[in-house]
Amino acid sequence: MKNDRELMRVQDLALALSLLTRVPVRVGDTSRNARAAWAYPIVGLMPAGLAALGGMLAGWLGWGPAISALISLSILVVTTGAMHEDGLSDTVDGLWGGWTREKRLEIMKDSRIGAYGVIALVLSLAARWAALTTLFEAGAQFAVPALLASALLSRAAMPVLMALLPHARSTGLSHDVGRVPDNAAAMAVLIAVVLGIFLLGGLILIAGLCAALITWGLGYLAHKRIGGQTGDILGATQQMVEIAVLLCLLP
């Protein structure tokens with residue numbers, strides 16, 4: 001029984017890793033995709049950890065905080081295949097570019113990017129770069145915990161919305177994953193908070209509050225405008241929570 005539980009945990013980690021990153025993980029049975037959402041925060045530590053290492057290496061080479069931040073940001077984008085950034089641009093295009101629920105969903109599904117999406121990407125990337133520059137300028141003792149904590153909390157936000165909101169459409173990545181059980185979403189939050197305490201101490205209260213407010217706000221907006229969540233909404237939530245946490249943790 002214990003071995004079976006351990007095997008399921010390993011399978012869940014592999015499923016989450018294959019879904020949220022570009023790591024070539026071979027997965028067979030995907031029936032546990034929804035239950036594997038508890039592992040999202042743990043998987044988020046991989047791109048964030050590599051980003052932190054890249055930024056510290058740039059600092060060690062004397063390239064300055066701006067280049068350290070740029071390298072860290074590039075690693076975050078590359079290791080996730082820019083899937084969350086894509087979700088953000090599609091979400092902004094759809095929620096603000098359409099007048100009806102059907103039109104908004106149609107725009108979000110369109111692979112082309114509009115003016116709203118471009119502006120959202122530029123501003124979001126600029127915000128992350130500016131925050132990381134400030135953090136690396138203050139030192140690795142500020143930048144590394146902030147990077148890891150923002151990865152944990154932003155990945156915990158996604159299963160929360162997946163558990164609370166219905167699917168806005170009958171197709172798409174989020175629909176294929178399925179409705180996340182409440183206990184899996186709760187476990188994701190617990191993991192993010194517990195590890196966040198080790199990283200941030202009492203500051204986890206501020207960071208967690210920022211993450212909760214952004215998650216609630218985007219969830220409310222998605223429910224009102226399209227009747228639920230999609231993969232794009234989840235990607236946008238991850239991006240906005242990450243930005244909010246980084247800004248909350250500026251020294």
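The second largest pocket is lined by R9, D12, R32, R35, W38, N183, A184 and M187. The model is predicted, so local features need pLDDT of at least 70 and side-chain atom pairs count only at pLDDT 80 or more, while totals for chains, interfaces and linings use all residues. Residues are numbered from 1 along each chain as its sequence is written, and side-chain values use heavy atoms, with hydrogens and water left out.

A pocket is found on a 1 Å grid over the protein atoms alone, as an open set of points with protein on both sides within 12 Å along at least five of seven lines. A cavity is a set of points where a 1.4 Å probe fits but cannot get out. Lining residues have an atom within 4 Å of a point. Grid points are joined across faces, edges and corners, and a volume is the space filled by probe spheres set on the points.

The second largest pocket holds about 200 Å³ of space. Two helices, α1 and α9 (182-200), each supply at least two residues of its lining. Helices here are DSSP runs of H or I with at least four residues, numbered from the N terminus. The largest share of this lining, 3 residues, comes from α9. By class, the lining has 3 nonpolar, 1 polar and 4 charged residues. Ala, Val, Leu, Ile, Met, Phe, Trp, Tyr, Cys and Pro count as nonpolar; Asp, Glu, Lys and Arg count as charged; the others, Gly among them, count as polar.

Helix α9 has 19 residues, which should span 27 Å at 1.5 Å a residue. The expected span is 1.5 Å times one less than the number of residues. The end C-alpha atoms of α9 are 26 Å apart, which agrees. The buried residues of α9 are A184, A185, A188, I191, A192, G196 and L200. They lie on the same side of α9, because they cover an arc of only 135 degrees around the axis. The arc is that of the directions from the helix axis to the C-beta atoms. On the other side of α9, D182, N183 and F198 are exposed. Buried means under 20% relative accessible area, exposed means over 50%, and partly exposed lies in between (1.4 Å probe, protein chains only). The cover over the buried residues of α9 includes α2 (40-60), α7 and α10 (204-226). Just after α9, G201 takes a positive phi of about 65 degrees.

The largest pocket contains about 450 Å³ of space. It is lined by 28 residues, and L173, S174, T230, G231 and D232 are the closest to its centre. Two or more lining residues come from each of α1 (2-20), α4 (83-97), α5 (101-109), α7 (140-164), α8 (173-177) and α11 (231-248). Helix α4 gives the most, with 5 residues. The lining of the largest pocket divides by class into 11 nonpolar, 11 polar and 6 charged residues.

Helix α5 also has a buried side. Its buried residues are R104, L105, I107 and M108. These cover an arc of only 160 degrees around the axis, so they fall on the same side of α5. E102 and K109 are exposed on the other side of α5. Among the elements that cover the buried residues of α5 are α4, α10 and α11.

A search of the whole structure finds 1 cavity of 30 Å³ or more. The largest cavity has a volume of about 30 Å³. L76, T80, H84, E85, R128, R155, Q239 and E242 form its lining. The lining of the largest cavity has 1 nonpolar, 3 polar and 4 charged residues.

N33 sits in the loop between α1 and α2. Its relative accessibility is 15%, so N33 counts as buried. Leaving aside neighbours within four places in sequence, N33 is in contact (heavy atoms within 4.5 Å) with L15, Y40 and V177. V23 is also found in the loop between α1 and α2. V23 is partly exposed, with a relative accessible area of 31%. Apart from neighbours within four places in sequence, V23 is in contact with L17, S18 and M46. V23 and L250 are 227 residues apart in sequence and 30 Å apart in space, C-alpha to C-alpha.
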